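Open the model in your viewer and keep the selection panel at hand.

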Amino acid sequence: MAQFDMMPIPAPEEGTRSVLALTPEAAAAGGPMISGAGTATFRCGRCKRVILKDVGVEQVQEVVFQCPKCGTFNEPPPWTQSRR
Ligand SMILES: [Zn+2]
């Protein structure tokens, strides 16, 4: 089981990237944004909140995740692409 900290990035321009964010209800519940059957866990690069739990690395490429706790936009570290 690998755990990665994502990279905080500036807010992407609208329409340029796919951005995933939790609903306020889901964020308040404290769970991860996505939970699957993969092998990688991704945390917010700023506040370390777990955003993606047990996902496949290939599932999260090219997607920007907004942290439900601190609002930071995160993208997976590019070097994970070589670890598929
Ligand atoms: Zn955060």
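**Stop 1: the core**

Select Met-6, Met-33, Ala-40, Phe-42, Cys-44, Ile-51, Leu-52, Val-55, Val-57, Val-60, Phe-65 and Cys-67: these 12 residues make up the largest nonpolar core. Such a core is a set of buried Ala, Val, Leu, Ile, Met, Phe, Trp, Tyr and Cys residues joined through C-beta atoms within 7 Å. Buried means that 20 or more other C-beta atoms lie within 10 Å of a residue's own, with C-beta atoms placed from the backbone. Strand S5 (40-43) and strand S6 (50-55) are the elements that give two or more residues to this core. S6 gives the most, with three. Strands are DSSP E runs of at least two residues, and helices are H or I runs of at least four, numbered from the N terminus.

This is a predicted model: local features need pLDDT of at least 70, side-chain atom pairs count only at pLDDT 80 or more, and totals for chains, interfaces and linings use all residues. Residues are numbered from 1 along each chain as its sequence is written.

**Stop 2: the sheet**

Now show four strands in the order S2-S8-S7-S3, an open sheet with mixed pairing. Strands pair if DSSP finds at least two bridges between them. Strand S2 (7-9) and strand S3 (18-21) are at the edges with a single partner strand each, so one side of each has no neighbour in the sheet. Zoom to strand S7 (residues 63-66) and strand S8 (residues 73-75), which pair in the antiparallel sense over two bridges. Gln-66 is opposite Phe-73 in S8.

**Stop 3: the whole chain**

Zoom out: the protein chain has one helix and eight strands. Their pattern along the sequence is β-β-β-α-β-β-β-β-β.
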